[in-house]
Amino acid sequence: MTPAASEPVPLIRLEAVSKTFTLPDGGRFPAVQSVTLDIAAGQVLGLIGRSGAGKSTLLRLINLLERPDAGRVLVDGRDLVTLPKRELRATRQHLGMIFQQFNLLQNATVFDNVAFPLRLHPGPEGKRSKAEIDTRVRECLALVGLGDKLQAYPAQLSGGQKQRVAIARALAPRPQVLLCDEPTSALDAETTRSVLQTLREINQKLGVTLVIVTHELAVVQALCDRAAVVEGGRVVEQFAVADLDTPRLSALGQELAQEQGKTRVLAEHAARTAAASPTSVNPAL
Ligand SMILES: Nc1ncnc2c1ncn2[C@@H]1O[C@H](COP(=O)(O)OP(=O)(O)OP(=O)(O)O)[C@@H](O)[C@H]1O
């Protein structure tokens, strides 16, 4: 279908992308099968599905960490699959990524971890100066609340702090998109909440588009505008997370709706309780 003239061009468009892995025994496994997916600028999209559904592979197709066997990967209208290597490297700068296990350089300080992509790749105006890198690293670490950890090593940090360093590193080259592969799966509930809060701020204040692979429905509830349900390498359903009126088709979509319903009831109950006993409100607030 051709988009209507008024429809904005999505920042990312996957067009009939497929990826099949060759297994050690010579067998072939179709991990992603002809997926078409649009992601608008500024959106927070959750890719949800059971283990092995193909979520991570789909995410890695967006920045061509996995090359598709078929289909097109359009970012800002340009097909990454056909870009020459140099231009692909430059375009990848717009697509930051964070991982479940943080993937920090263990022998480098927090400062050097965040400086790494800035030293490796030139900016839009060519090679970056030392002062420019210094300023940007400090800016990014302040943004994630780690302005006082410049000289620490990853081993000296908590899991949540490590993920914040990874977020700062991903943001350093000023990406338009942050691809997040199970960003909170290795973190406890409290730390998860604060990392999600940071990701929300990055989306709202900096306008960075987020694509998040997660199996945690609470993460989708807390952060995502839209969700795409992945099953057997296909996107079987997409919906606006806030829309609880349109019936969900997939089992996971329905499970999420149930969770959202419970959360809504609890929030309404809390609001009623607070209204009924106004004295319980902290007068300092
Ligand atoms: N490099 C690879 N070689 C062979 N098979 C692979 C490779 N990468 C992924 N797979 C297989 O493709 C399928 C989809 O993997 P993927 O990691 O995308 O799923 P997922 O939905 O992210 O699952 P999980 O939440 O468990 O990570 C899995 O069965 C996985 O074993």
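Student: Which residues in H1 are buried?
Tutor: In this predicted model, Lys55, Ser56, Thr57, Leu58, Leu59, Leu61 and Ile62 of H1 are buried, where buried means that 20 or more other C-beta atoms, placed from the backbone, lie within 10 Å of the residue's own, while 12 or fewer makes a residue exposed and anything in between partly exposed. Residues are numbered from 1 along each chain as its sequence is written. Because the model is predicted, local features need pLDDT of at least 70 and side-chain atom pairs count only at pLDDT 80 or more, whereas totals for chains, interfaces and linings use all residues.

Student: And how many of the residues of H1 is that?
Tutor: Seven of the eight residues in helix H1, which spans 55–62, are buried, so the helix is mostly covered. Helices here are DSSP runs of H or I with at least four residues, strands are runs of E with at least two, and both are numbered from the N terminus.

Student: What follows H1?
Tutor: Leu64 follows H1, and its phi is positive, near 65°.

Student: Which residues are closest to the ligand?
Tutor: Phe21, Ala31, Ser51, Ser56 and Thr57 are the closest of the 13 residues that surround the ligand, a residue being counted as near if its C-beta atom, placed from the backbone, lies within 6 Å.

Student: Which element gives the most to that shell?
Tutor: H1 does, with three residues, and strand S2 (28–39), like H1, supplies at least two.

Student: How does the shell divide by residue type?
Tutor: The shell around the ligand has five nonpolar, seven polar and one charged residue, with Ala, Val, Leu, Ile, Met, Phe, Trp, Tyr, Cys and Pro taken as nonpolar, Asp, Glu, Lys and Arg as charged, and the others, Gly among them, as polar.

Student: Switching to S6, which residues sit on each side?
Tutor: Strand S6 (95–98) has Leu95 and Met97 on one side and Gly96 and Ile98 on the other, all of them buried, and both faces are covered.

Student: What does S6 run parallel to?
Tutor: S6 runs parallel to strand S7 (177–181), and four bridges join the two, where pairing requires DSSP to find at least two bridges. Within this pair, Leu95 stands opposite Val177 in S7.
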